[in-house]
Amino acid sequence: MTSILRLLSCLAAFLALSGQTRELSAQENSPAPSYPSNMIQSIAIGFDGKVLLGRWVPISIETLMYQGPQLRVTVEVLDGDAVPVRYEWESNPVSLDDRNRYNGLVRIGRSGAIRVEFRNHDNQILWQRKFSVSELGEHHQFLPSTTRLSLIVGLTDRDFANKLPFDRGAEAANAVVDQRQYFPDNWIGYESIDRLIVITQDAAGLPMNARAVDGLARWIRMGGFAMFSCGSKATAWFGDESGLTLFNVPALEGVTPTRRTGPLELLVNSNDQLVTDNGIALSVAKFSDSGENVAVKLDDNPVLFYKTMGLGTISVLACDVTEQPVAGWSAMQKLLALSLRIDQVSDDNTQTQKSGRVTHIGYNDLCGQLRAAMDQFGNVTFITFTTVALLIALFIVLIGPGDYLFLRRVVGRMEWTWLTFSVVVLGFCGLAFFLTGWTKSKQVEVNQVELIDIDAISRDIRGTNWVHMYRPSTSTTNVEIGSENSLVGPLKERWLGWQGLPGPGLGGMQNNSDLGLYKRDYTCVVDPQGSHIVSLPVQSAATRTLIARWTGSLPETPGSSLRQSPNTDALLGTFTNPLDVPLRACVLLYGDWAYLLERSLEPGESISVEDDMREKTIRGYYTRRREQGSDDVNVPWNTTDTDLERIMGMMMFYEVIGGEPYATLTNDSQRWLDLSSNLKLGQAVLVGHHREATTPLIVDGEPVKNYDKQLTTIRIVFPVEPRARRQSR
């Protein structure tokens with residue numbers, strides 16, 4: 001009897017446990033809550049519908065009203081290799097604006113359909129929508145990564161944007177934005193912008209909140225360029241609460257009219273009088289301190305001046321180009337060109353020349369040449385097309401006339417062809433198998449180029465890492481950037497993403513060709529401090545190209561006492577290496593001159609420019625100018641050169657070295673690397689190299705220790721006291 005009771009008790013307990021298990025299972029597999037099918041109303045990508053391929057751009061997703069816990073937002077696009085990549089971020093409903101928009105950042109490599117999903121924390125899809133190419137094309141324009149995109153704020157007359165001058169021979173576009181545009185809080189969200197243009201035509205002032213203004217100001221400090229055109233409405237824009245004080249614009253003292261505009265007419269070489277005797281006076285904004293880089297003054301008031309802001313530059317035009325009399329002036333475009341620091345002369349042959357280069361070498365931008373140089377690994381041997389063609393020809397000869405002659409004249413039995421043919425086929429299969437194993441590395445190979453820029457005044461640091469990772473077998477991997485740099489300490493933000501090839505060449509982001517069948521998708525997780533990649537697919541014996549951008553801050557201001565010579569444009573004074581490591585191959589650039597230090601610069605060592613350095617022109621130094629007879633000649637640029645230091649040198653000072661006429665390639669894809677404008681505004685730039693990687697690449701949780709190729713370049717931007725300031729004391 002006792003045994004029966006125990007058996008019944010066990011059975012009851014089992015049934016109760018089974019019921020609980022089924023209930024828990026039902027809860028876990030319960031369907032997601034039901035929402036209307038039109039929850040996702042629309043998406044807006046980029047600025048004013050302009051989307052640059054291969055750049056971080058903002059995305060805004062408008063939905064119906066939702067009240068509930070945090071959601072996981074996923075946007076699936078194509079990367080530069082046409083592989084699906086999902087950008088995933090958390091979105092807090094509290095941060096939604098009055099249009100119920102979810103805002104984030106993405107990088108798009110190829111134009112294609114875009115899928116948007118909203119998931120809860122149980123990974124259940126609450127609602128989703130796929131936007132087709134034709135649907136996206138109604139409000140978006142996908143532009144090459146080499147496009148120079150101007151972000152125009154404060155302009156109510158959108159037609160005026162068509163009057164803005166463009167750079168010579170460059171692909172350019174304008175994005176005119178207002179308060180309906182989503183402005184990212186993070187500086188990386190403005191990576192697609194080449195220049196910011198603020199025109200005070202709209203009396204309402206800045207159309208963005210304080211966080212977005214801070215992000216945009218930080219973008220300038222990280223190497224951006226901004227131009228401000230301010231006239232009668234300047235007071236509404238440059239007040240203490242407007243936010244524009246973050247842009248290093250001097251304090252506004254008021255607006256004054258003037259009729260004496262002769263110096264401005266002389267500046268643009270115009271015979272057309274700006275203010276006539278009976279015409280409208282010119283409204284000029286008065287600023288407290290314009291600095292030394294003043295292009296023109298009217299009534300002792302600076303009207304056009306330039307200032308540095310961290311690693312970036314601002315230009316202030318103290319009149320509104322949309323107001324009369326400037327708006328109707330025949331030289332208005334020339335004045336704008338000077339304010340924007342561009343050459344507005346067109347070149348009809350530029351596009352033809354670029355297309356020819358793409359056909360020949362596969363790229364038309366220096367970014368492509370850097371990519372080609374980094375895609376070569378010492379332990380990986382590439383079989384050339386010539387070798388493959390010769391092997392194919394040999395195979396045809398052996399199975400054709402070779403087999404016939406061998407059987408007829410040596411063996412004498414033609415029926416043995418089935419055996420000799422099989423032997424030849426198996427032999428070539430074995431040869432192919434051997435060559436495949438012989439040419440491939442047996443381990444993961446990594447090439448990395450790193451550029452670290454330090455502004456000595458603000459102590460701001462920006463870093464850029466280009467990474468090429470080779471894997472011998474098909475696999476997926478997790479990749480991120482380490483949280484600390486061995487030279488400058490902890491990093492503030494770390495943005496890692498894929499890198500695409502600019503242009504229409506094979507594998508380029510404007511090429512619609514499909515390079516492979518292995519299209520396993522992967523995830524890029526985005527948060528306010530950066531991004532990292534999860535489950536990145538790498539094909540067998542293939543390379544994945546990545547680019548990382550990060551920021552930091554130097555703990556102490558680098559020491560320097562650089563000054564302009566009282567009699568010439570030469571550089572005098574001292575500077576100090578603020579890092580704890582020696583720098584090799586150091587050169588200090590200022591104006592048109594390069595000052596060479598023909599030994600390593602030790603940690604904490606101070607150098608006297610006039611005593612310790614040898615002088616040479618910047619162009620002569622970087623073009624490797626040499627004597628040939630009685631003349632000095634430059635070494636021509638080789639578009640297939642794989643010298644990483646020389647390629648980086650051209651990208652770092654592209655305009656001052658000679659630009660496209662010398663390099664025959666553009667530098668538009670990563671134009672923000674060029675510090676030529678800092679040299680033109682009177683700053684000095686120290687360039688040195690370090691022998692080791694300083695920002696670790698984390699692959700599957702472990703830092704990469706062995707690099708096949710590695711280059712770390714450091715640039716430090718020092719202030720220089722101009723001659724005029726010392727003479728005024």
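Buried here means under 20% relative accessible area and exposed means over 50%, with partly exposed in between (1.4 Å probe, protein chains only). The model is a predicted one, so local features need pLDDT of at least 70 and side-chain atom pairs count only at pLDDT 80 or more, while totals for chains, interfaces and linings use all residues. Residues are numbered from 1 along each chain as its sequence is written, and side-chain values use heavy atoms, with hydrogens and water left out.

Asp700 is not a glycine, yet its phi is positive, near 50°. Asp700 sits in the loop that runs between strand 38 (697–699) and strand 39 (702–703); helices (H or I, at least four residues) and strands (E, at least two) are DSSP runs, numbered from the N terminus. With a relative accessibility of 42%, Asp700 comes out as partly exposed. Arg341 is another non-glycine residue with a positive phi, of about 55°. The loop between helix 6 and helix 7 (350–361) holds Arg341, and its relative accessible area of 30% makes Arg341 partly exposed.

There is also a cis peptide bond, from Gln324 to Pro325, with omega near 10°. Pro325 belongs to the loop between strand 18 (312–317) and helix 6 (332–340).

Now for the interior. A nonpolar core is taken as a set of buried Ala, Val, Leu, Ile, Met, Phe, Trp, Tyr and Cys residues joined through side-chain atoms within 4.5 Å. The largest such core has 156 residues, and the members touching the most others are Ile61, Tyr87, Phe228, Phe247, Phe575 and Leu588. Helix 3 (residues 210–221) is the top contributor to this core, giving 6 residues. In soluble globular proteins, nonpolar side chains tend to be buried together.

Tyr87 has contacts (heavy atoms within 4.5 Å) with residues including Trp56, Val73, Leu105, Arg107, Trp498 and Cys524, leaving aside residues up to four places away in sequence.

Strand 3 (residues 56–63) is mostly covered, with 7 of its 8 residues buried. Two strands count as paired if DSSP finds at least two bridges between them. Strand 3 pairs with strand 1 (residues 40–45) in the antiparallel sense, over 5 bridges, and Glu62 in strand 3 stands opposite Ser42. Strand 3 also pairs with strand 6 (residues 101–107), again antiparallel, over 7 bridges. In that pairing, Arg101 of strand 6 is the residue opposite Glu62.
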